[in-house]
Amino acid sequence: MTTGVRQAARDATRPRAPRWPAPVVLALLVGLAGVGYRLALLLGDTPRTNSDEATMGIAALHIARGEDFPVFFYGQAYMGALEAYLAAPLVALAGPSVLALRLPLLALYALFLLLSWRLTRRLGGDRWFALLVVGLLALGADRIVKNQLIAGGGYPELNPIGAGLALLTLDLVAGRPAGRRWRLAGFGFLAGLTVWVDPLLLPYVLAIGAVLVTMTGRDLRGRHGVLLAGAALVGAAPLLGYGLAHGHNPLAAAVTAGGGDAVASWADRLHGGLVLGPALGMGLCSPGHCATWQLWWALALPLLLVLAGLSAWRTVRADGVRAVRADDARAVRADGARVVRAGAAVRLGLLAGAVGTLAAYTVSSAAGRTPVESSRYLSCLAISLPALLWPLWTMARRRGPVDLPRLAAVGALVALLGTATVATAGALATVPTNRAEAQRHRALVEALRERGVRHVYGEYWTCNRLTYATGEEIVCAVLDETLRPGFDRLPAYPRAVRDSPAPTYVAPVGSPLARRLDRSPPPARHPHTVAGWRLWLPHP
């Protein structure tokens, strides 16, 4: 009897295991749902692949075999081939497939979710606000999942890099002494890596870097400054080495490729950059277009940029004490005014990065000429979400009687979640057609293999996709619709096809190339149709 009582007493005093707060558990579940949603899309052959992604796959194939180690995307002297190096181990292990290219990018997306949660919390947001940010990032419209999951070069890496730069800056500005040198080296390396991978993130690098220099300028003198610069050189080493070896300026090439030498009216640029662009680029539109009601974000975004910028600026100017809310007083006492001021400064940097990205895109001709497809240039805006939604959250969570600003803030947050959810449903609706298209392409590959075809002529969007899918067992050279040589990213392919005694011609049914070949069939070829493809095979 006594033993039982003593045992009960000991059990009663045993410390309980710590319980995770509800918003943390919910954020974990929502994050897993976002990753699971994207994995389901990948298994459903969505987003649809193309020859640009296959070009990255061919680079990964060459890296896995040790045949080549490209610095840039094949066929151009800008946009680093980082995605090919990330995918090369999986391609070596499982062979060439779209899934092998995209699984590393899914991991980068999961990392971005984690960093965004951490960044939101470190910037002063409570757990419920961080849950809201994770929830919005877990949704995925057509343009968003394309940016995150297609290994076409540049886009999937940029958001986790940007969030990482913001977190490192926050630690350095807030004066965390532990690991300071490693954080400086990490900032420099990521900044340099960005310049190599894709210059789209440069507005964020410059804005966040300005925060770092302004608030820790004295600390960057001497060895710390040398460490930062040295790490940046290491990150940008592939680009710098290529430029020195070939006397080439990759940044100038990127500007030209982005439409810098094209012509578009200012009316078209402003409409594409400030009306269509924000809604498309931040995942609030249906696949391939924006309905009129989905464009409300074009009016909300500049207003939020102004409100969030003024709020952050006041906090920075007030040394992080007078501008904080009363219910944040405990955080101020625990971490000090410098931490609050550092968070406001980083928020200001994130907002400046968003403004710079919007401005650079709007002045480009791409915004006016191809606004729907070119809205991918605004994918980095997701990094600024914790800073952008800050004024809405503070108004929605404000204590006291319900007033018009509070109702407007709640309404805007609900509208944002609702619009993104509708756009996500639109992306899901594309899965059946994308899966059917992928099956047709697999049928084409099997048909060519069964007939022993090794050399093919086709259009650009056919060639490298076919070559990668077969692990270069079938090599394809590009023809335009006039049957003249087209744009081949690897010169070895057209040489091999030209040297072939009897290449096959392949084109999608109804394409300009197929119509031309139907009118003027290649000599000694007979036409054949397989799963939506026209084949002109040599006579046996």
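A crossing of two helices is right-handed if the near helix is turned clockwise from the far one by less than a right angle, and left-handed if anticlockwise. In this predicted model, the crossing of α2 and α5 is right-handed.

## Helix packing

Two packed helices are described by the angle between their axes and the distance between the axes.

| Helix pair | Angle between axes | Distance between axes | Crossing |
|---|---|---|---|
| α2 and α5 | about 160 degrees | 11 Å | right-handed |
| α5 and α8 | about 30 degrees | 9 Å | left-handed |
| α3 and α24 | about 35 degrees | 8 Å | left-handed |

Start with α2 and α5. Helix α2 covers residues 22-43, and α5 covers residues 98-122. Their axes meet at an angle of about 160 degrees. Angles over 145 degrees count as roughly antiparallel, so α2 is roughly antiparallel to α5. On the α2 side, the contact is made by P23, V24, A27, G31, G34, V35, R38, L39, L42 and L43. On the α5 side, the residues are L99, R102, L103, L106, Y109, A110, L113 and W117. By class, the contact of α2 with α5 divides into 14 nonpolar, 2 polar and 2 charged residues.

Helix α5 also packs with α8, which covers residues 155-173. Here the angle is about 30 degrees. Angles under 35 degrees count as roughly parallel, and α5 and α8 are therefore roughly parallel to each other. Helix α5 brings L105, L108, L111, F112, L115, R118, L119 and R122 to this contact. Helix α8 brings P156, E157, N159, P160, A163, G164, A166, L167, L170 and D171. The residues divide into 12 nonpolar, 2 polar and 4 charged.

Helix α3 covers residues 51-65, and α24 covers residues 460-469. The axes of α3 and α24 lie 8 Å apart. From α3, the contact takes in S51, D52, A54, T55, G57 and I58. These meet Y460, W461, T462, C463, N464, R465, T467 and Y468 in α24. This contact divides into 6 nonpolar, 6 polar and 2 charged residues.

## Aromatic residues

The structure holds 9 aromatic pairs. One of them joins F72 and Y242. The two rings are 4.9 Å apart, centre to centre, with 90 degrees between the planes. Planes over 60 degrees apart count as edge-to-face, so this pair is edge-to-face. The pair links distant parts of the chain, 170 residues apart. F72 sits in the loop between α3 and α4 (82-94). Y242 belongs to helix α12, residues 237-246.

Are F72 and Y242 buried or partly exposed? F72 has 4% relative accessibility, so it counts as buried. Y242 has 23% relative accessibility and therefore counts as partly exposed.

Elsewhere, F129, W390 and W393 form one aromatic cluster.

## Backbone features

The loop between α2 and α3 holds both D45 and P47. D45 has a positive phi of about 60 degrees, although it is not a glycine. The peptide bond from T46 to P47 is cis, with omega near 0 degrees.

A531 also has a positive phi, near 50 degrees, without being a glycine. A531 is in the loop between strands β4 (525-530) and β5 (533-538). Its relative accessibility is 33%, so A531 counts as partly exposed.

Where does G349 lie? G349 is in helix α17, residues 337-363. At 3% relative accessibility, G349 counts as buried. Leaving aside neighbours within four places in sequence, G349 is in contact with A207, I208 and V211. G349 and R127 are 222 residues apart in sequence and 22 Å apart in space, C-alpha to C-alpha.

G124 lies in the loop between α5 and α6 (127-138). Its relative accessible area is 40%, so G124 is partly exposed. From G124 to R181 there are 57 residues in sequence and 24 Å in space, C-alpha to C-alpha.

Technical notes. Residues are numbered from 1 along each chain as its sequence is written. This is a predicted model: local features need pLDDT of at least 70, side-chain atom pairs count only at pLDDT 80 or more; totals for chains, interfaces and linings use all residues. Side-chain values use heavy atoms; hydrogens and water are left out. Axes are lines fitted to C-alpha atoms, for helices over the stretch in contact, and angles run from 0 to 180 degrees between N-to-C directions. Helices (H or I, at least four residues) and strands (E, at least two) are DSSP runs, numbered from the N terminus. Angles under 35 degrees count as roughly parallel, over 145 as roughly antiparallel, 65 to 115 as roughly perpendicular and the rest as oblique. Contact means heavy atoms within 4.5 Å. Ala, Val, Leu, Ile, Met, Phe, Trp, Tyr, Cys and Pro count as nonpolar, Asp, Glu, Lys and Arg as charged, and the others, Gly among them, as polar. Rings of Phe, Tyr and Trp (its six-membered ring) pair if their centres lie within 6.5 Å; planes under 30 degrees apart count as stacked, over 60 as edge-to-face and the rest as tilted. Buried means under 20% relative accessible area, exposed over 50%, partly exposed in between (1.4 Å probe, protein chains only).
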